[in-house]
Amino acid sequence: MVQKIVHDWATGKIYPHFHFVFIFKFRDLNRLNCRITLSRLIVEQYPYLRDVLEELWKHPETLLIIFDGLDEFRARIDFADSRRDTEPQRRCTDPEFRCKLSDIVYSLIQKKLLPGCSVLVTSRPTALHLLAKARVSVWAEILGFVGEERREYFHKFFEDQEVAAAVYSHVEENELLFTMCYNPSYCWILALSLGPFFTRKHSNKLRVPKTVTQLFAYYIYHILTHHSVKMESPRDAMLKIGEMAFTGVSHRNIVFNDEDLIKYNLQPSQFLSGFLMELVERESSEHSVVYAFPHLTIQEFVAALAQFLSAIPGNMQKHLNKAHREEDQRFEIFLRFVAGLSSPRAAQPLEEFLGSFAHQTTCAVIDWLKEKIRAQTRDTDTVIGKRKLLNALHYLFESQNQALAQLTLGSVHTLTFGDFSSEKALRLTPIDCVVVSQAIGLCDTIKQLNLSSCYIQEEGLQRLFAALHKCQELLLLGNNLGDCGVKRLCEALRNPECKIQSLWLDSNNLTADCTEDLTSALSTNHSLTELNLSYNNLGDCGAKRLCEALRNPECKIQSLW
């Protein structure tokens, strides 16, 4: 994405007012352990600008500085820490001031350093909370592939268009996998992993992956199929690679060098090349070649796999608790994969090369899941608590353990991810919504679902609506649902089994266009008694339609805001 931004700027398509664009990847900046100046930082990356820096500083409004991958940065940047503005050694207001790299990044974003310049920070959603107190003018969500672009990718990936159609059809039928397809990297992994199921004449279609863990298990399976020839022990090699991957996840490191390979007794080989890419660094770098997994999620899966295979059952829960306590989400995806590997369906393809998964380890993971899910459904007062509840539901989804799901969720009355204050609400992605929908489907006693200010929008609602009719009280205020979202919600209201009694839709950018569907649904729904539509722009026409609906003897509404 960053490369495209720079390409479009360089070719004059965007940002003509910027004369210079500087790119820094946090993965590279992690290697700087000493104090440094902004001038030195730029000269090391762009040595040809050494003699013109003084002139650049005079016109900061012509500069764009891009920091790529905040979630990969090892140093902590606390934008709520006011000491940065008072302690002399941390106040970075001059490009020649020598300080910690984190202080330079903080000062640029907070406009203490080079006020007037523009700063663009990219990040995984899991690290967005780090910017909650930062001076951010514009937030942008990279949507990736939308609509037909997802289908187009698969048809370009496969030469055989029948295979392409079969793979895409499977993805489209699986809500979670289809939602993942917004990300081009996931499309690539999906195509690589699913392709063999639809190209082999006798492939077992019943084993096609349906969860993220199952998907990545088959991704690793296909690497092992093609790269473990003549290897005495693929399991031992996998454990070494996985240990290195886990250390990387623990320390937010996604780039490895020759010293790392030596430390974990790994040597460049055909087997290793199946997992790691070789990257050539700049000439000025100490190492000319470094290594990285094709995608951070692959590194996280390999780390989880190694921990699962090498764990001492008695210590497994201790290690999982330690990872779960981390509040910076570095282990979030890792833990989802550990939970998913407790499913026999995820383990089965890997056991062909790696040997059987210890039954005691699987039991230890399931016991840990049981404890965490029960605890998190009762602890949702804080954003961190809500986040851990959401992760617990992801763990449960990946485990595909129906008995465990019924045991832990069967008697849950309330699921809370939202709040009237957006700062105390958890922002949910479409993938999160798929998982929440699955969880609601397993809650036999669900009464209230609070998604206030979770910003699910129409796509998130689309992932949720199949289970919404089970809830008695539904809080959806402040979600930017729009008229199309409410039209989809009306399908839940028309469901003969609908139990919704109280529905909050205030502050959702609704207009009169949605009231026709809404009034139609109200005439057939026999459960809804409270409806909140305040802080929308329904206008006179919308109000008139609602009044007509209220006169209908079939309408059960008693309170309307």
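## Exercises on a predicted model

Helix H5 (residues 101-109) is mostly covered, with nine of its nine residues buried. This is a predicted model: local features need pLDDT of at least 70, side-chain atom pairs count only at pLDDT 80 or more, and totals for chains, interfaces and linings use all residues. Residues are numbered from 1 along each chain as its sequence is written, and side-chain values use heavy atoms, with hydrogens and water left out.

**Exercise 1. Name the buried residues of H5 and what covers them.**

Step 1. Buried means under 20% relative accessible area, exposed over 50%, and partly exposed in between (1.4 Å probe, protein chains only). Helices (H or I, at least four residues) and strands (E, at least two) are DSSP runs, numbered from the N terminus.

Step 2. List the residues. Leu-101, Ser-102, Asp-103, Ile-104, Val-105, Tyr-106, Ser-107, Leu-108 and Ile-109 are buried in H5.

Step 3. Find the cover. It includes helix H2 (26-29), helix H3 (38-45), strand S2 (63-68) and strand S3 (118-121).

Step 4. Look past the helix end.

**Exercise 2. Describe the interface of domain 2 and domain 3.**

Step 1. The domain assignment gives domain 1 (1-131), domain 2 (148-208), domain 3 (215-376) and domain 4 (411-560). Such bounds come from an automatic or database domain assignment.

Step 2. The C-alpha centres of domain 2 and domain 3 lie 24 Å apart. Their contact (heavy atoms within 4.5 Å) takes 17 residues from domain 2 and 12 residues from domain 3.

Step 3. Take the area. Buried area is the accessible area (1.4 Å probe) that two parts lose on being put together, summed over both. Here the value is about 1,200 Å², and carbon and sulfur atoms give 65% of that. On the domain 2 side, Ile-189, Ser-193 and Arg-207 lose the most area to domain 3, together 41% of what that side buries.

Step 4. Count salt bridges. The rule asks for a side-chain nitrogen of Lys or Arg within 4 Å of a carboxyl oxygen of Asp or Glu. The count between domain 2 and domain 3 is zero.

Step 5. Assign the elements. Helix H8 (175-180) and helix H9 (184-199) each give two or more residues to the side of domain 2 that touches domain 3. H9 gives the most, with 10 residues.

**Exercise 3. Is Ile-440 buried or exposed, and which residues does Ile-440 touch?**

Step 1. Locate Ile-440. Its place is in helix H21 (residues 430-442).

Step 2. Classify. Ile-440 counts as buried because its relative accessibility is 0%.

Step 3. List contacts. Not counting residues up to four places away in sequence, Ile-440 touches Leu-415, Ile-446, Leu-449, Ala-467, Lys-470 and Cys-471.

Step 4. Take one partner. Leu-415 is 25 residues from Ile-440 in sequence and 8.4 Å away in space, C-alpha to C-alpha.

**Exercise 4. Is Glu-278 buried or exposed?**

Step 1. Locate Glu-278. This residue is found in strand S4 (residues 277-280).

Step 2. Classify. Glu-278 has 55% relative accessibility, so Glu-278 counts as exposed.

Step 3. List contacts. Leaving aside neighbours within four places in sequence, Glu-278 is in contact with Val-289, Val-290 and Tyr-291.
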